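This briefing covers a ligand shell, a pair of domains, a helix crossing and a chain interface. The sequence and structure come before the notes.

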Amino acid sequence: MSQGDFEGYGGRHVPEPLLEPLEQLADAYDDVSATDEFQTELRDLLEEFAGRPTPIYYARNLSERYGVDIYLKREDLLHGGAHKINNVLGQGLLAKKAGRERLIAETGAGQHGVATAMVGALLDLETEIYMGKKDVERQEMNVFRMRLMGADVNEVTRGDAGLADAVDAALEDFAENVEDTHYLVGSVVGPDPFPRMVRDFQSVIGEEAREQMKAKTGELPDAAVACVGGGSNAIGLFHAFRDDDVAFYGAEGGGEGTDSKRHAAPLSSGDDEVLHGMKTRVIDEDVEVHSVSAGLDYPGVGPEHAMFDAVGRCEYTGITDDEALAAFRELSETEGIIPALESSHGVARALQLADDGEHDTILVNLSGRGDKDMETAAATFDL
Amino acid sequence: MNTDSEIERAIRENHPALITYLTAGDPSLEETKAYVEALDRGGADLIELGLPFSEPIAEGPTIQAAINRALEAGTTPERFFELVDDLEVEAPLLVMTYYNMILQYGSGAEPRSAERDATEPQNGPDPEPFVERAAETGLAGIIVPDLPAEEAAPLRAACDERGLDLVFIVAPTTNGERLDRIMSQASGFAYVQARLGTTGARADVSSATHDSLARLEEYDVPKAVGFGVSEGEHAREIVEAGADGVIVGSALIDIVAESETPVADLEAKACELKGGAERGANAPEPEQP
Ligand SMILES: Cc1ncc(COP(=O)(O)O)c(C=O)c1O
């Protein structure tokens, strides 16, 4: 039997030297994460350091405009401004308990790098972030944040000097330093146990939201909607509702359209492949990976989403750059909440569903805030 | 399992064997042909050819750069197979590539998403067409660095059917149950990774090599050591430590990338490495099969 099996997706497709360390990580995860001590410490950190629980907010103006009830799960209010902190706290604490002295991570736009730097400082772990030189130049502010919190930012110059090259460099580091280093993967992607481990750490989103919806409305929502890059905020929202009669909708980075040659929507238009240690869906070879939001700009997707798609549990749609930008503006104007461009894809999908009128209550995961996207917004809307 | 292994025979008959790696298509397939012939003349007993894949997660910077050059030169699986078909060398040839390349081969360029049957997620791509074409062109074996033994059954079966060897890598971290699982599926030879980390030419022979060879002693398949071998002296030490062969890649790619006279230099390097290996075998202490 293969590990981390999601109906044939997932697995551990990595070079032999990484297999033993992954098995050890999986064992440590299974042993440590179940203990009361770990759970208590993590809960305290999630509350006091990260700011959990986050509220759900009834989007009164949007709901009135569309004639359906729209609720936002406010992950944008967390420390760091996104759901990323749920995962880095969990993995960071696990690494600490397993006796690791060092954290490494790759980052594209820098969001996951900053989150990893936060937990590295908090838990006093040496932290090194791999980031393509191109991204270092584009995302200077995040580089400053990481350095200020004590992380080393390692500029990757090989290949295209982008995210994929940063992943390669981080994997190389991990292969060489497995004995004392934890590779803190940023989404529900990569070889087992990462997809299930990151899912479990992000599931707090849906667990809270489920209780909050029941308390607020007396029932569960009809639909749950989230953007999907690697898919961690989406799985985090969905997991608690997986056995409920709640429809799931995933909004992928549709770029210039899922029938164009520039998008990041492997579930809307892609094929089964093996990438970054997992079997999953990947965009076609002649498609250039592109999304207006850096966080969705990834050619693959978490294997559990590939499974959800194959068995029909969730419907995935590509939201184009233009549709996401329009939703970004609409939420800002109507509710006074500036969403991350990633999250705007989820908002756009929710507004499409509201227009269709099939569901009466829609819960959207607002995975992050839009401060980081102001330059794009200023250029797009001529602010 | 492959009982009449061309690869195993090549190693046993030419003991201690020199196994060389080049990325096919770096910098062009025509040049690769000349380089492979040079290595064959220089004393290579077994030749690995890399079929380039854009996400090579087991490779260090040297081989990654070679892969990038090969991809830029337009190396596709079909052109790779044509090269192999064309090659006339004494040494058996193996292909080294990533599992995705094998799965994608023959799955056709059409995106399957439109016609997917939602109830049958397991009906994924199939390794069979790749193996069939590999056998047709006369390749003797396949190495897939990102295919764990746990996931190897379909490829193993396809290789058995066509008489190809499937070579597995054993790392310094591979022990106990995992080692048994790998060795029960391995054929041709065991690729002993000399150290942790990715491929690349290094200056010394690691002590992990000795430990790995000791752990593998009880398994009846030739053992070849790779990762970081760049000089005749390394080859000597490794063979003296009990290996049946040495594997050299990055040091050859450095020649391809930097030399003004790569054909002559590759032949000379192969000769140096083979000479070193032979000196190791003639050293007094270890018993040889
Ligand atoms: C705010 C926000 N949402 C979503 C994502 C996409 O990641 P995932 O699909 O794993 O939730 C990112 C990634 O950087 C992000 O910053």
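H11(A) provides the largest share of the shell around the ligand, with three residues. The model is predicted, and the points below are grouped by topic.

**Ligand shell**

- Strand S9 (223-228), helix H11 (232-238) and helix H14 (341-356) of chain A each contribute at least two residues to the shell around the ligand.
- There are 18 residues around the ligand, and those that come nearest are Ser187(A), Gly229(A), Ser232(A), Gly295(A) and Gly368(A).
- By class, the shell around the ligand consists of eleven polar, six nonpolar and one charged residues.

**Domains of chain A**

- Chain A is assigned two stretches for each domain: 9-44 + 84-190 make up domain 1, and 52-82 + 199-381 make up domain 2.
- Taken over C-alpha atoms, the centres of domain 1 of chain A and domain 2 of chain A are 24 Å apart.
- The contact between these domains of chain A involves 23 residues of domain 1 and 30 residues of domain 2.
- On the side of domain 1 of chain A that touches domain 2 of chain A, at least two residues each come from strand S2 (9-10), helix H4 (84-97) and helix H5 (111-122) of chain A.
- H4(A) gives the most to that side of domain 1 of chain A, namely six residues.
- The side of domain 1 of chain A that touches domain 2 of chain A is made up of eleven polar, ten nonpolar and two charged residues.

**Helix crossing in chain B**

- In chain B, the axes of helix H3 (residues 61-72) and helix H11 (residues 250-258) come within 9 Å of each other and cross at roughly 50 degrees.
- H3(B) is therefore oblique to H11(B).
- The crossing in which H3(B) passes H11(B) is left-handed.
- The residues that meet are Thr62(B), Ile63(B) and Ala66(B) from H3(B) and Ser250(B), Ile253(B) and Asp254(B) from H11(B).
- Three nonpolar, two polar and one charged residues form the contact of H3(B) with H11(B).

**Interface between chains A and B**

- Chain A puts 36 residues into the contact and chain B puts in 37 residues.
- Helix H1 (16-32), helix H8 (163-177), strand S12 (270-275) and helix H12 (303-311) of chain A are the elements that supply two or more residues to the side of chain A that touches chain B.
- That side of chain A has 14 nonpolar, twelve charged and ten polar residues.

Note on methods: Residues numbered from 1 in each chain as written. Chains lettered and ligands numbered in written order. Predicted model: local features only at pLDDT ≥ 70, side-chain atom pairs only at ≥ 80, totals over all residues. Domains from an automatic or database assignment. Contact = placed C-beta atoms within 7 Å. Helix = DSSP H or I, 4+ residues; strand = E, 2+ residues; numbered from the N terminus. Nonpolar A, V, L, I, M, F, W, Y, C, P; charged D, E, K, R; others polar. Near = placed C-beta within 6 Å. Axes fitted to C-alpha atoms, helices over the stretch in contact; angles between N-to-C directions. Parallel < 35°, antiparallel > 145°, perpendicular 65-115°, else oblique. Left-handed = near helix turned anticlockwise from the far one by under 90°.
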